[in-house]
Amino acid sequence: MLSADARRRCEAVLRDFTLPFPLTLESLLEAARGFHGRPITLHRDEFPASIERPCGLWWRDEDGDHIWVAPTFTGSQEVHAFAHELGHLFLGHPPVSLGHQQAEVETPATTFKWLSPRFLSGDLLGVRTRAHSSHRDPQYVANEGEAEGFASLLRRKAAFQARDRHVDPLLNQLNNSI
Ligand SMILES: [Zn+2]
């Protein structure tokens, strides 16, 4: 349940954000790029199996913003995970920290060059994943709830707009001519 403040923040972002139709991961990525005005790169690599797997991640480097969505996700699940990370981005939450040295990770995570060994060892992962943990920073919990609320509101708004689009234009014309 979103607090009134959090809900207002989400709605303020969504008011200015033109939702694509139909809502897919690809269409939402394009819309987010246009809205953000900075590059957003989508990643779908396999996550190293040795560590707790998140649903999505957002981090930032000198090239722009990067969002990773679990490659096993499809359909509304991938849209939701991506929208959740967009929530973090557009609501001004802190991105995943890559650590000071963005050192190349040795096997098995060769495709995860962007993640620092510290991150992969689990130090930072607990700060950003949606996995359950008994010990959490209250600000982290609030941010997660807000990003989750943002994703839900975005999808609800898109569904609402899609319903309007389903009105048959011919039928509409007929109705208007009567
Ligand atoms: Zn999150």
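How many of the 178 residues of the chain count as buried? The share is 24%, and the views below come from a predicted model.

View 1. Let's start with the overall layout. Read from the N terminus, the elements follow the order α-α-β-β-β-α-α-α-α-α. If we take the contacts in the chain with a separation of 6 or more, 67% of them are between residues 24 or more positions apart.

**View 2. The open sheet, built from 3 strands in the order 1-3-2.** The pairing in this sheet is mixed. Strand 1 (40-43) and strand 2 (56-61) are the edge strands, and each of them pairs on one side only. From one strand to the next, the twist averages 20 degrees. Helix 3 packs on the sheet, where it touches strand 2 and strand 3, and the direction of helix 3 makes about 40 degrees with that of strand 2. As a reminder for looking at any sheet, side chains in a regular strand alternate between its two faces.

**View 3. Strand 3 (residues 64-69) and its partners.** On one side, strand 3 pairs with strand 2 in the antiparallel sense, over 6 bridges. A hairpin through 2 residues joins strand 2 to strand 3. Look for aspartate 61, which stands opposite glycine 64 of strand 3, and for tryptophan 58, which stands opposite isoleucine 67 of strand 3. Strand 3 also pairs with strand 1, this time in the parallel sense and over 4 bridges. Here isoleucine 67 turns up again, as the bridge partner of leucine 42. Is strand 3 largely enclosed by the rest of the structure, or largely open? Strand 3 is largely enclosed, because 5 of its 6 residues are buried.

**View 4. Helix 3 (residues 75-90) against helix 6 (residues 138-165).** The axes of these two helices come within 8 Å and cross at roughly 125 degrees. That angle is why helix 3 counts as oblique to helix 6. The crossing of helix 3 past helix 6 is right-handed. On the helix 3 side, the contact is made by Val79, His80, Ala83, His84, Gly87 and His88. Helix 6 brings Asn143, Glu146, Ala147, Glu148, Phe150, Ala151, Leu154 and Arg155 to this contact. Sorted by class, the contact of helix 3 with helix 6 has 6 nonpolar, 5 polar and 3 charged residues.

**View 5. Helix 1 (residues 4-16) packed with helix 6.** What is the angle between helix 1 and helix 6? The two helices pack at about 45 degrees, and their axes are 10 Å apart. Helix 1 and helix 6 are therefore oblique to each other. Helix 1, too, passes helix 6 in a right-handed crossing. From helix 1, the residues that take part are Ala6, Arg7, Arg9, Cys10, Glu11 and Leu14. They meet Gly145, Glu146, Gly149, Phe150, Leu153, Leu154 and Lys157 in helix 6. By class, the contact of helix 1 with helix 6 has 6 nonpolar, 2 polar and 5 charged residues.

**View 6. Leucine 91, in the loop between helix 3 and helix 4 (117-120).** Leucine 91 has 17 C-beta neighbours inside 10 Å, so it counts as partly exposed. Which residues is leucine 91 in contact with, leaving aside its neighbours within four places in sequence? They are Arg9, Val13, Glu146, Ala147 and Phe150.

View 7. Is aspartate 16 buried or exposed? With 8 C-beta neighbours inside 10 Å, aspartate 16 counts as exposed. The C-alpha atom of aspartate 16 is 8.3 Å from that of phenylalanine 35, a residue 19 positions away in sequence. The peptide bond that joins phenylalanine 21 and proline 22 is cis, with omega at about -5 degrees. For context, most peptide bonds are trans.

Methods. Residues numbered from 1 in each chain as written. Predicted model: local features only at pLDDT ≥ 70, side-chain atom pairs only at ≥ 80, totals over all residues. Axes fitted to C-alpha atoms, helices over the stretch in contact; angles between N-to-C directions. Parallel < 35°, antiparallel > 145°, perpendicular 65-115°, else oblique. Left-handed = near helix turned anticlockwise from the far one by under 90°. Contact = placed C-beta atoms within 7 Å. Nonpolar A, V, L, I, M, F, W, Y, C, P; charged D, E, K, R; others polar. Buried ≥ 20, exposed ≤ 12 C-beta atoms within 10 Å, placed from the backbone. Pairing = 2+ DSSP bridges.
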